[in-house]
Amino acid sequence: MGVSQDQGRDYLTMINAETALDLYEAARHRLPRVNYKGDCVPLSDLMELADRYDILLFDAFGVLNIGEEAIPGVPKRILELQAAGKRVMVLTNSASMPHSALLEKFTRQGYHFAPEDVISSRDVLLAHFAPAVGECWGVIVPPELQKGTLDDFPLTFLEDDPVDYKAVNGVLMLGSGGWTAKRQALLNEALCRQPRPLWVGNPDIVAPRESGFSAQPGYFAHHLADRSSIVPRFFGKPFRNIYHYAFSRMGSEFDPKRTVMIGDSLHTDILGAQASGIDSALVVNHGLLAELCATDEICRTAIKPDFILTGL
Ligand SMILES: [Mg+2]
């Protein structure tokens with residue numbers, strides 16, 4: 001597909017929205033199967049969901065923010081929902097950052113979320129990653145986030161030394177910033193030669209950035225799975241584990257009929273909501289589908305949300 005990970009962050013702009021959708025479709029056999037079809041009711045305003053739902057789960061990239069910046073006007077809308085007594089939670093596949101750093105990022109962007117209302121796929125992965133499981137595992141995470149990452153585990157940060165790839169008992173893929181084609185080849189070779197578990201903390205294939213789409217851990221995990229016998233274990237949307245983790249956080253407040261997922265990705269936010277038995281609203285004016293015809297993509301993928309949000 002012409003993506004070069006050797007050019008640092010330059011490769012981020014080389015995946016366009018159409019290619020991103022193609023990549024998700026190519027990986028569809030590894031995503032949850034869902035028979036549910038929503039009615040795709042058009043809504044022009046986020047507040048129209050407020051009458052129907054008590055708990056609103058928001059995706060981050062493409063809905064709350066693009067890259068590091070909040071989408072203009074969205075912090076104010078979130079405050080309005082919170083002021084109306086709605087429980088607003090974030091359900092994100094962002095797995096590189098510790099929870100505290102993620103919370104700080106949202107605060108910097110003008111959001112005010114309670115710590116327990118920000119749930120990342122990293123939290124879900126860590127809930128499964130007991131010390132006994134994680135002995136001598138390798139981890140893939142951007143260099144700037146290595147410090148303070150999973151300090152309870154004797155992890156090896158996988159970079160350019162082939163010896164490390166051979167020595168580890170399994171691999172955790174949390175973030176792809178700084179990941180290169182050379183490192184992907186080392187991982188591929190090592191796991192083909194000696195298959196070991198691959199846990200992926202971020203099933204996203206792409207994420208919207210200010211100037212294009214970045215390849216995320218899901219991209220590299222599917223790439224590897226396509227070329228080996230490795231079956232990655234994914235944590236995060238569209239897999240049920242993150243939704244069920246969120247539902248358990250809601251306690252007795254949780255009513256599936258009064259809970260909705262709002263996101264810009266058919267293959268993660270919407271598919272995952274449907275697989276987990278809650279309603280969904282697709283954001284089409286920002287994020288993944290902003291440059292595409294959403295109706296065409298809904299037909300092509302046959303993933304039909306309950307609502308289509310043309311405004312936030
Ligand atoms: Mg998104």
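Which way do H8 and H9 cross, left-handed or right-handed? Okay, hold that thought. This is a predicted model, where local features need pLDDT of at least 70 and side-chain atom pairs count only at pLDDT 80 or more, while totals for chains, interfaces and linings use all residues. Numbering runs from 1 along each chain as its sequence is written.

So, the crossing of H8 and H9 is right-handed, meaning the near helix is turned clockwise from the far one by less than a right angle. H8 is residues 240-250, and its axis sits 9 Å from that of H9 at about 65°; axes are lines fitted to C-alpha atoms over the stretch in contact, and angles run from 0 to 180 degrees between N-to-C directions. Arg 240, Tyr 243 and His 244 of H8 touch Gly 272, Ala 275 and Ser 276 of H9, where contact means C-beta atoms, placed from the backbone, within 7 Å.

Now H1, residues 17-26. Its buried residues are Ala 20, Leu 21, Leu 23 and Tyr 24, buried being 20 or more other C-beta atoms within 10 Å of a residue's own, and exposed 12 or fewer. Those four span an arc of only 160° around the axis, so they lie on the same side of H1; the arc uses directions from the helix axis to the C-beta atoms. Facing away from that side are the exposed Glu 18 and Ala 26. The cover over the buried residues includes S11, S12, H7, H9 and H10.

Methods: Helices (H or I, at least four residues) and strands (E, at least two) are DSSP runs, numbered from the N terminus. Two residues are in contact if their C-beta atoms, placed from the backbone, lie within 7 Å.
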